[in-house]
Amino acid sequence: MIAVLDTNAVIGLAKGECLEQLHSLFRQVVVPPAVRREVVDEGRGRAGARELQAALGNWIREETPASLVAATGMPALSLEDQEVLTLALEQSGVLVTDDA
């Protein structure tokens, strides 16, 4: 099974020192570019940045969605949320998030 992580999941799991446990729970773990940018580039020095950077290319894969899901009937979604939802749909994956 494939897990698609959003920003809050990466940060929360890193804070709890259990991000790496996903490696044993899922066949693949994926983040979209917007999550990598938000956690690693914009969050440099904060929780999750070092952990995600170390895992990328090792056991977490960065993948760009083929196209963005149409968010009809939903409140405006950020680019990060659109990429995460689209990847989860494209990969038939499990969305790992703390969003309601």
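Which residues is E63 in contact with, leaving aside its neighbours within four places in sequence? They are V30, V31, P32, P33, L87 and Q91; contact means heavy atoms within 4.5 Å. This is a predicted model, where local features need pLDDT of at least 70, side-chain atom pairs count only at pLDDT 80 or more, and totals for chains, interfaces and linings use all residues. Residues are numbered from 1 along each chain as its sequence is written, and side-chain values use heavy atoms, with hydrogens and water left out.

E63 lies in the loop between β3 and α5 (79-91). Helices (H or I, at least four residues) and strands (E, at least two) are DSSP runs, numbered from the N terminus. E63 is buried, at 18% relative accessible area. Buried means under 20%, exposed over 50%, and partly exposed in between, using a 1.4 Å probe and protein chains only. The E63 side chain also makes a polar contact with the side chain of Q91, at 2.6 Å. Such a contact is a pair of N or O atoms within 3.5 Å; within protein, one must be able to donate a hydrogen and the other to accept it, and residues adjacent in sequence count only if both atoms are side-chain atoms.

Now turn to E17. E17 sits in the loop between α1 (7-15) and α2 (22-25). E17 is exposed, with a relative accessible area of 74%. Its C-alpha atom is separated by 23 Å from that of P33, 16 residues apart along the chain.

Last, the sheet. Four strands form an open sheet, ordered β3-β2-β1-β4, with parallel pairing. Strands pair if DSSP finds at least two bridges between them. β3 (60-62) and β4 (94-96) stand at the edges with a single partner strand each, so one side of each has no neighbour in the sheet. Three bridges join β1 (residues 2-5) to β2 (residues 28-31). A3 stands opposite V29 in β2.
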